[in-house]
Amino acid sequence: MNERIVIITGSNSGIGKAAAKRFAAEGYRVIIACRDIERSKKAHREVIEATNSKNVDLMQLDVASFESIRNFCTGYREHYSKLDVLIHNAAYFNHGEKEYQLSPDNIEITFATNTFGPFLMTYLLKDSLKQSDDPRILTVSTTNIKHFFDPKRELDIDDLHGDNKDGKPYNVYKRYGDSKMALLMLTFKMAEEFKGDAIKVNAVMVPNIRQERSSLRKFKSKFYRYIATVQNLFAWPPERMAETYFHICASDVFRNVTGKLININNKIMQRTEIPPGKGGIPLLKELMRFDTYPRYVENKEIIAKVWQVSRAETNL
Ligand SMILES: NC(=O)c1ccc[n+]([C@@H]2O[C@H](COP(=O)([O-])OP(=O)(O)OC[C@H]3O[C@@H](n4cnc5c(N)ncnc54)[C@H](OP(=O)(O)O)[C@@H]3O)[C@@H](O)[C@H]2O)c1
């Protein structure tokens, strides 16, 4: 009766799948939330076989589509009386993509998947989270946001509908960093908003983690596929990152922690900035560190804009 339930988006591969195994092995009911049910059946079986758990459920969810999110959340609320842990693990990052892509809601695909999808889903599941005695939300960040240590870097959330107002070529790497910085800002803002409901909202910084071959095959560019294959040789296994997801979402240590960015070693990271006028080595040093992230995330004007745009795009 006291079963704890976790939803992990994009858990048909990589870190998400490893996390599904980790939570299932600990007796959690795990909801594998994936966009392609047929393709995800293999991962579903794999999680069940690896853990001997009978409590692993597969549900369809396309995080880039608001309709799919609404259907998922309605279905979830009909079947489950509460939600203990929500992990926004799914993300879009197609290395080498040069074409501007739109989501089913006509929103730039990186922002639709990585920012607005998790935002909408969180609000639609808030009442289920409130039924838990220890509700926790985890969003997934990336070292890419460290580029915001560069004082010249700015988050661009204006060109969301393909208008290409500034005429610049589409840069999926920048979009990914911008969408994940926006998600981090929303994470901290939601942590504040949800304090009254005792819902904890944190983010985890993911370093270089080994990717499955099936994920590498999705890359648009052969060149980046090659780079990622080499990077894989030096990467941590997904199980290592899954351990951190589990620790943040299940351990007593993080029971009362909210509004933090946490690294792979379970350490709360600190906001900092490069002294004005200093680039080069100080910037490089910050890029290499595991315990700091850019103070840009506190930029009140940008936070207000990200919040307002997220609400407008999702009709919340
Ligand atoms: N691996 C790294 O080095 C690294 C570094 C920094 C951050 N991260 C972050 O870690 C998280 C997990 O990444 P990973 O390395 O485990 O990569 P992965 O194996 O490629 O996992 C990404 C998952 O997201 C799912 N996904 C993408 N778009 C979706 C959508 N619209 N709806 C539902 N699911 C969707 C994918 O499903 P499909 O199979 O259907 O595509 C896949 O299951 C991501 O948030 C990523 O940004 C990873």
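I began with Asp 62, where a polar side-chain atom lies 2.8 Å from a nitrogen atom of the ligand; I note at once that this is a predicted model. I then looked up Arg 35 and found one of its polar side-chain atoms 2.7 Å from an oxygen atom of the ligand, while at Ala 91 it is a backbone N or O atom that lies 3.4 Å from a ligand oxygen. I also looked up the area of the ligand, which exposes 890 Å² when taken alone, and of that the protein buries 91%.

Next I asked which elements give two or more residues to the shell around the ligand. I listed α1 (14–25), β5 (136–142) and α6 (172–193), and I noted that β5 gives the most, with three residues. In total I recorded 27 residues surrounding the ligand, with Asn 12, Ser 13, Asn 89, Tyr 176 and Lys 218 as the closest. Sorting the shell by class, I wrote down 11 nonpolar, 11 polar and five charged residues.

I turned to the helices and looked up α4 (residues 109–124) against α11 (residues 300–314), which pack at an angle of about 75° with their axes 10 Å apart. From α4 I noted Thr 115, Phe 116, Phe 119, Leu 120 and Tyr 123, which meet Trp 307, Val 309, Ser 310, Arg 311, Glu 313 and Thr 314 in α11. The residues of this contact divide into six nonpolar, three polar and two charged.

Note on methods:
Residues numbered from 1 in each chain as written. Predicted model: local features only at pLDDT ≥ 70, side-chain atom pairs only at ≥ 80, totals over all residues. Heavy atoms only, no water. Near = heavy atom within 4 Å. Polar contact = N/O pair within 3.5 Å; in protein donor to acceptor, adjacent residues only side chain to side chain. Areas by Shrake-Rupley, 256 points an atom, 1.4 Å probe, with all protein chains shown as cover. Helix = DSSP H or I, 4+ residues; strand = E, 2+ residues; numbered from the N terminus. Nonpolar A, V, L, I, M, F, W, Y, C, P; charged D, E, K, R; others polar. Axes fitted to C-alpha atoms, helices over the stretch in contact; angles between N-to-C directions. Contact = heavy atoms within 4.5 Å.
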